[in-house]
2 protein chains.
Amino acid sequence: MKIGIVGLGLIGGSLGLKLQSLGHTIYGVVNNKFNEKKAKEKNLANFVSCEFSLLKECEIIILALPIKDLLNPSQQLLASIPKDTIVTDVGSVKEPIINHWEKLHPLFIGSHPMAGTEKKGVDSGFEDLFNNAKWIITPTQKSDLNAVRILSELIQSMDCEICHASPEEHDEAVSLISHLPIFLAAALIKTVHQKKNESLLDLTQKLAATGFADTSRVGSGNVQLGLDLAINNQDNILNAISNYKNQLNKLESLIKEKNWDLLYNSLSEAKASRENFID
Amino acid sequence: MKIGIVGLGLIGGSLGLKLQSLGHTIYGVVNNKFNEKKAKEKNLANFVSCEFSLLKECEIIILALPIKDLLNPSQQLLASIPKDTIVTDVGSVKEPIINHWEKLHPLFIGSHPMAGTEKKGVDSGFEDLFNNAKWIITPTQKSDLNAVRILSELIQSMDCEICHASPEEHDEAVSLISHLPIFLAAALIKTVHQKKNESLLDLTQKLAATGFADTSRVGSGNVQLGLDLAINNQDNILNAISNYKNQLNKLESLIKEKNWDLLYNSLSEAKASRENFID
């Protein structure tokens, strides 16, 4: 198929490499000449251009753009999407994007691959990013069923497992398992760094091992993404933070009250829940 | 050297394998016949026994026991430690252990290797656990300098990097970068599981990717260890939780107030701090 990808960063670039390896012809649009040169060097697409007109013959277009650009697409982009082309995005929130794009393009189907690293930009993509990843499709009552079928087949051909959810369900679920951890990790990093005591900070740095590195990792991610999530999934994230604080307060009370039996039970419960939850 | 290891779980078993590979003769004491058989099968030590008398010729003894056993050592153990033998432990808190053991054995030097996995028990040790790990030694004014030197050389011979700290500094530093994350991860797991909505829990489980797995990982660790830390490093952990809640409250307020510029700055600061902090 002729597939357009708008944005060749971590997600778009990885898609370009993977879809080329499956025999598709990829048309990649980037936002400046520097990225165009880089993307060509890295063979992220068969054709790369800063001009949206490159998309005019594509059968599927994947918008691999930051959320704020998805919510404010340029007129040139909109004018370059053929009427009968299936369009999807890869944004980490779905409801605001789908509300916006279903009005702009009837063949728009929202989707979200659950894959990523801390990297971003035209240097960060790699072919294996999506191997065995979950990929959520969030069709609505307005969605064209044939478009959903074609998009699903394309995603499955990349060794991804498809999940279906409504945009609302998606946004609540990811607020818990994907967005909340970003703010928790940022708060942890800030807690360690708030100490005025330089020698203590030095010592914590020397001693920080895999436990701290893992727990804080997503606090080192794409800052603009964290902000876009807060802006566009605000209610769900605030709910998640509030529920989290309740849980942390309960653990704190058990420690304060030296209620060691209940603390043991509570930590055991968490351990068992996680072991059931994660493959 | 003739080295005794009391307890052949994750830490003790890994030490037994590593120290044998360096040519030492290892005398491992375990708590029951089942573990004795397993430890022999896995060659965790040259000699394995349930009898503390095995330790009577050792030049160094490493107590690789749970914190609660370190704080309540059996009379048989104490009676079997030769007077001129250097003793160390590997416990994750130092002040209560050192206060206790300096009275019991003048050649006791507290120490703590910063290495671990979620596993425990006689099956969990492996030779490479300590490669390039930090290992803290926490001597006090009472410590014998020759004993500190001999212990330091042994630790360095295992490719570990030695840090010195007072027991108090150690306990505060690890409360931040090692103990706090355990309770944060447990609270995160509980937040995701508290929802009564089964279909949402199903969806979060399908979508949970590496971000959630990493942020929650230490919530899946040894429950008894988590409890022992809370009991024996209570004040530092409560302080750390309280500081953490302040940091999380600040982020929550920025999201509530839609103060996006400050939120962007705050997330950027966290990202930069972590990148400077972690190699």
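Modeller: A crossing is left-handed if the near helix is turned anticlockwise from the far one by less than a right angle, and right-handed if clockwise. Helices (H or I, at least four residues) are DSSP runs, numbered from the N terminus. This is a predicted model, in which local features need pLDDT of at least 70 and side-chain atom pairs count only at pLDDT 80 or more, while totals for chains, interfaces and linings use all residues. Residues are numbered from 1 along each chain as its sequence is written, chains are lettered from A in the order in which they are written, and side-chain values use heavy atoms, without hydrogens and water.

Colleague: In which hand does helix 12 of chain A pass helix 10 of chain B?

Modeller: Helix 12 of chain A passes helix 10 of chain B in a right-handed crossing. Which residues make the contact (heavy atoms within 4.5 Å)? From helix 12 of chain A they are A:Trp260, A:Leu263, A:Tyr264, A:Leu267, A:Ser268 and A:Lys271, and from helix 10 of chain B they are B:Val223, B:Gln224, B:Gly226, B:Leu227, B:Ala230 and B:Ile231.

Colleague: And at what angle do helix 12 of chain A and helix 10 of chain B pack?

Modeller: The angle is about 140°, and the axes are 9 Å apart. Axes are lines fitted to C-alpha atoms, for helices over the stretch in contact, and angles run from 0 to 180 degrees between N-to-C directions. Helix 12 of chain A and helix 10 of chain B are therefore oblique to each other; angles under 35 degrees count as roughly parallel, over 145 as roughly antiparallel, 65 to 115 as roughly perpendicular and the rest as oblique.

Colleague: How do helix 7 of chain A and helix 8 of chain B cross?

Modeller: Their axes come within 9 Å and cross at roughly 60°, in a right-handed crossing.

Colleague: What about helix 11 and helix 12 of chain B?

Modeller: Helix 11 of chain B passes helix 12 of chain B in a left-handed crossing. Their axes come within 8 Å and cross at roughly 145°. B:Leu251, B:Leu254 and B:Ile255 in helix 11 meet B:Trp260, B:Leu262, B:Leu263 and B:Ser266 in helix 12.

Colleague: A new topic: what lines the largest cavity?

Modeller: On a 1 Å grid over the protein atoms alone, a cavity is a set of points where a 1.4 Å probe fits but cannot get out, and lining residues have an atom within 4 Å of a point. The lining consists of A:Leu184, A:Ala185, A:Thr215, A:Tyr244, B:Leu184, B:Ala185, B:Thr215 and B:Tyr244. Helix 7 of chain A and helix 7 of chain B each give two or more residues to this lining.

How values were computed
Contact = heavy atoms within 4.5 Å. 1 Å grid on protein atoms, 1.4 Å probe; cavity = no way out; pocket = protein on both sides within 12 Å on 5 of 7 lines; lining within 4 Å.
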